[in-house]
Amino acid sequence: MKYYVYAIELDPKVANFRKFRDKNPNYIKGNGCVYVGQSIRKPELRFDQHKEGYKSNKYAKQFGLKLRPDLYAKYNPIPTRQDAEEIEIMLGKELRKRGIGVWFN
């Protein structure tokens, strides 16, 4: 099996939600917002699933605009789920350090 990490660009309006802002105290307005996830499914399919509401994150479903392969493609495919989960967290934290608003589980 192969696993994948992915990043979905979110409409910046998501930063108006307190819960999102609380997770991103260093967010710099204008730097963009993303949802970072990992899955056994390829990013394109997983994005469609989020938008359709299948096992979807509410921010990805409501505010998801498009995939951002420039942020994640270099990591895929990933050999194990544990590795995918670790890369998801690492990527989310790295993007937050750059002032991007990030949501990940």
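The model is predicted, so local features need pLDDT of at least 70 and side-chain atom pairs count only at pLDDT 80 or more, while totals for chains, interfaces and linings use all residues. Residues are numbered from 1 along each chain as its sequence is written, and side-chain values use heavy atoms, with hydrogens and water left out.

The chain holds five helices and four strands, where helices (H or I, at least four residues) and strands (E, at least two) are DSSP runs numbered from the N terminus. Read along the sequence, these elements follow the pattern β-α-β-α-α-β-α-α-β. The C-alpha trace spans about 40 × 30 × 20 Å along its principal axes. For 105 residues, a compact globule would have a radius of gyration near 13 Å, and the 13 Å of this chain agrees with that; the radius is taken over C-alpha atoms, and the globule rule is 2.2 Å times the number of residues to the power 0.38.

Of the 105 residues, 44% count as buried, a word that means under 20% relative accessible area, with exposed meaning over 50% and partly exposed in between (1.4 Å probe, protein chains only). Among contacts (heavy atoms within 4.5 Å) between residues at least 6 apart in sequence, 73% join residues at least 24 apart.

The largest pocket contains about 200 Å³ of space. On a 1 Å grid over the protein atoms alone, a pocket is an open set of points where a 1.4 Å probe fits, with protein on both sides within 12 Å along at least five of seven lines, and lining residues have an atom within 4 Å of a point; the volume is the space filled by probe spheres set on the points. The lining has 16 residues, of which Q38, S39, I40, R46 and R81 lie nearest the centre of the pocket. Strand 2 (33-39), helix 2 (43-52) and helix 5 (81-97) are the elements that give two or more residues to this lining, and strand 2 gives the most, with four residues.

Helix 2 also holds F47, which counts as buried because its relative accessibility is 14%. Leaving aside residues up to four places away in sequence, F47 touches I8, G64, L65, K66 and L67. The C-alpha atoms of F47 and K61 are separated by 8.7 Å, with the two residues 14 apart along the chain.
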